[in-house]
Amino acid sequence: MSRSHRLPAVLADRAAAGSRPGARIDGHRVALAIEGGGMRGTVSAGMALALHELGLLDAFDAVYGASAGAISAAWLISSRPEGLRGWADPRFASALIRSSNVLRGRPVVDVETLIEEVYLRQFPLDYASVLAAAIELHPLATDLDTGQPVDLRGELTDERVLRLALRASAALPVLAGGPVTLGGRRFYDAGISESIPFRQALRDGATHVLVLRSRPPARTRPVHVAPSAASRLVAALALRRHTVELRTAFLSRPARLAHDESLLTVYDTDEAHSPADPAVLSIRPDPAAPQVGRLETDSSILREALQAGYRAAESRLAGGC
């Protein structure tokens, strides 16, 4: 590991000491934040798998996930973290992405079927083990009334609610179904308000945050960021009955993402912060890695994406732990 950043050193020290969640003595709160982005989440899933296979998972106290990143977070802390390989399984993609659903009046991205059927019967996710895990799970979603990100951890009382929370984190207007009701509130995809869930980890007092990114580094920085014509159309039609706050959050996503990119780039240097400031480090796929679309179903591309994510995390973290 590079020792120029404070976060890798903490992971290495915890791994060497055999430190476990709930029994820390170093005074740190170390969080993992997993970005989603539909099938692009295959990349960050590969990174999460690498953390497990490198023996680093117990170095974290909490894992935060947005959208597909929340699903990967659940797999990671479950009794079967190797299930993260399912992102590259053609059965996974075919169950989640169904263009023919449009003809049946169902969402193209069928998160409900994935969570409520596939992960119960065909490719079981041990939901009970997720709830019992020593590492905290924090799935994020967007509140329909306020347009603000909400941490759903406090709602995770049983397996049924856990499944609802994972669905809420990934529900998108038009593309991935209607809002999910949980605890008397309605939610959409976390990506509307916080697509890279490191801010919630910081709000919760994390001293160190490792961010698993599904996007490669930007080649150029945008001078002006505005919502696309497609986003404006979705806001005007699909979100017209929702609050102004939700539409504003939806349309401000590009500007917010650009700001996050700039902030995370500064955090990566770890030079502009004092020792009292949080240490935040991002792992991004190599720019040469395959470009994965939100609706990608090509199994060969997904396998390459999973391996690209795995290699990115391995090369950054394997040396010193």
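Where does aspartate 270 lie? In this predicted model, aspartate 270 is found in the loop that runs between helix 11 and strand 8.

**Aspartate 270 and its surroundings**

- Aspartate 270 has a relative accessible area of 10%, and because buried means under 20%, this residue counts as buried.
- The side chain of aspartate 270 reaches the side chain of arginine 6 in a polar contact, at a distance of 2.8 Å.
- When residues up to four places away in sequence are left aside, aspartate 270 touches Ser4, His5, Arg6 and Ala279.

**Salt bridges between separate parts of the chain**

- The structure contains 19 salt bridges, and one of them joins arginine 14 to aspartate 61, with 3.0 Å between the closest N and O atoms.
- Arginine 14 belongs to helix 1 (residues 6-17), while aspartate 61 sits in the loop between helix 2 (41-53) and strand 2, so this pair ties together parts that are 47 residues apart in sequence.
- Arginine 14 and aspartate 61 are both buried.
- Another salt bridge is formed by the side chains of glutamate 53 and arginine 85, with an N to O distance of 2.9 Å.
- Because glutamate 53 lies in helix 2 and arginine 85 in the loop between helix 3 (68-77) and helix 4 (90-96), this pair ties together parts that are 32 residues apart in sequence.
- Glutamate 53, at 40% relative accessibility, counts as partly exposed, and arginine 85 is also partly exposed, with a relative accessible area of 36%.

- Glutamate 261 and arginine 284 form a salt bridge in which the closest N and O atoms are 3.5 Å apart.
- Glutamate 261 is part of helix 11 (residues 253-269), whereas arginine 284 is in the loop between strand 8 (279-283) and helix 12 (299-317), so the pair ties together parts that are 23 residues apart in sequence.
- Glutamate 261 is buried, its relative accessible area being 13%, and arginine 284 counts as buried at 16% relative accessibility.
- Glutamate 261 and arginine 284 also belong to a network of salt bridges, which links Glu35, Arg213, Arg215, Glu261, Asp268 and Arg284.

**Strand 3 and the strands that pair with it**

- Strand 3, which covers residues 136-143, is mostly covered, since seven of its eight residues are buried.
- With strand 2 (residues 62-66), strand 3 pairs in the parallel sense over five bridges, and within this pairing valine 63 has leucine 137 of strand 3 as its bridge partner.
- With strand 4 (residues 149-151), strand 3 runs antiparallel, and three bridges join the two strands; here leucine 140 stands opposite aspartate 151 of strand 4.
- Strand 3 and strand 4 form a hairpin that has five residues between the strands, and glycine 147, which is in the turn, has a positive phi of about 75°.
- With strand 6 (residues 185-188), strand 3 pairs in the antiparallel sense over two bridges, and aspartate 143 stands opposite phenylalanine 187 of strand 6.

Notes
Residues numbered from 1 in each chain as written. Predicted model: local features only at pLDDT ≥ 70, side-chain atom pairs only at ≥ 80, totals over all residues. Heavy atoms only, no water. Buried < 20%, exposed > 50% of the residue type's maximum accessible area, 1.4 Å probe, protein only. Helix = DSSP H or I, 4+ residues; strand = E, 2+ residues; numbered from the N terminus. Pairing = 2+ DSSP bridges. Salt bridge = Lys/Arg side-chain N within 4 Å of Asp/Glu carboxyl O. Polar contact = N/O pair within 3.5 Å; in protein donor to acceptor, adjacent residues only side chain to side chain. Contact = heavy atoms within 4.5 Å.
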